Amino acid sequence: SNSNSNSNSNSRRKMERLQQLMRTMPGSGGLGAAGGDSPTPDCAEKVHVSSLALLKMLKHGRAGVPMEVMGLMLGQFVDD
């Protein structure tokens, strides 16, 4: 029971830290944002994901890998 409460407290601290980081990120509407009237740069791109790649990503996500920080997605640029 004691280890369960330690695990819950660790999870709570991690979540609070994540929320704190999200609030201070630019453009997130949090404390670090310059305001609602600041222009947002257009850096959007279209991404085409094959059905097989999507299936593999969903399977990987459902595996529940704890604290995965970064992944690598390979592909090709298609100039439209």
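This is a predicted model: local features need pLDDT of at least 70, side-chain atom pairs count only at pLDDT 80 or more; totals for chains, interfaces and linings use all residues.

Q: Where is Val 49 found?
A: Val 49 sits in the loop between α1 (2-24) and α2.

Q: Why is Val 49 called partly exposed?
A: Its relative accessible area is 41%. Buried means under 20%, exposed means over 50%, and partly exposed lies in between. Val 49, at 41%, is therefore partly exposed.

Q: What makes Phe 77 exposed?
A: Phe 77 has a relative accessible area of 88%. The cut-off for exposed is over 50%, so the label holds. Phe 77 is found in the segment after α2.

Q: How do you know that the span of helix α2 agrees with its number of residues?
A: Helix α2 covers residues 51-62, which is twelve residues. The expected span is 1.5 Å times one less than the number of residues. That should give 16 Å, and the end C-alpha atoms are 16 Å apart, so the two agree. After α2 comes Gly 64, with a positive phi near 75 degrees.

Q: What makes α2 hardly covered?
A: The count of buried residues among its twelve residues is zero. Across the chain, buried residues make up 0% of the 80 residues.

Q: Which residues form the nonpolar patch on the surface?
A: Val 47, Val 49, Leu 54, Met 57, Leu 58 and Met 73 form it, with about 580 Å² of accessible area together. The accessible surface of the chain comes to about 8,200 Å², and 58% of that belongs to carbon and sulfur atoms.

Q: How many helices and strands does the chain have?
A: The chain has two helices and zero strands.

Technical notes
Residues are numbered from 1 along each chain as its sequence is written. Side-chain values use heavy atoms; hydrogens and water are left out. Helices (H or I, at least four residues) and strands (E, at least two) are DSSP runs, numbered from the N terminus. Buried means under 20% relative accessible area, exposed over 50%, partly exposed in between (1.4 Å probe, protein chains only). Patches are made of residues with over 30% relative accessible area and no salt bridge: like charges are joined within 9 Å, nonpolar side chains (Val, Leu, Ile, Met, Phe, Trp, Tyr) within 5 Å. Accessible areas come from the Shrake-Rupley method with a 1.4 Å probe; for residues, only the protein chains shown count as cover. A salt bridge is a side-chain nitrogen of Lys or Arg within 4 Å of a carboxyl oxygen of Asp or Glu.
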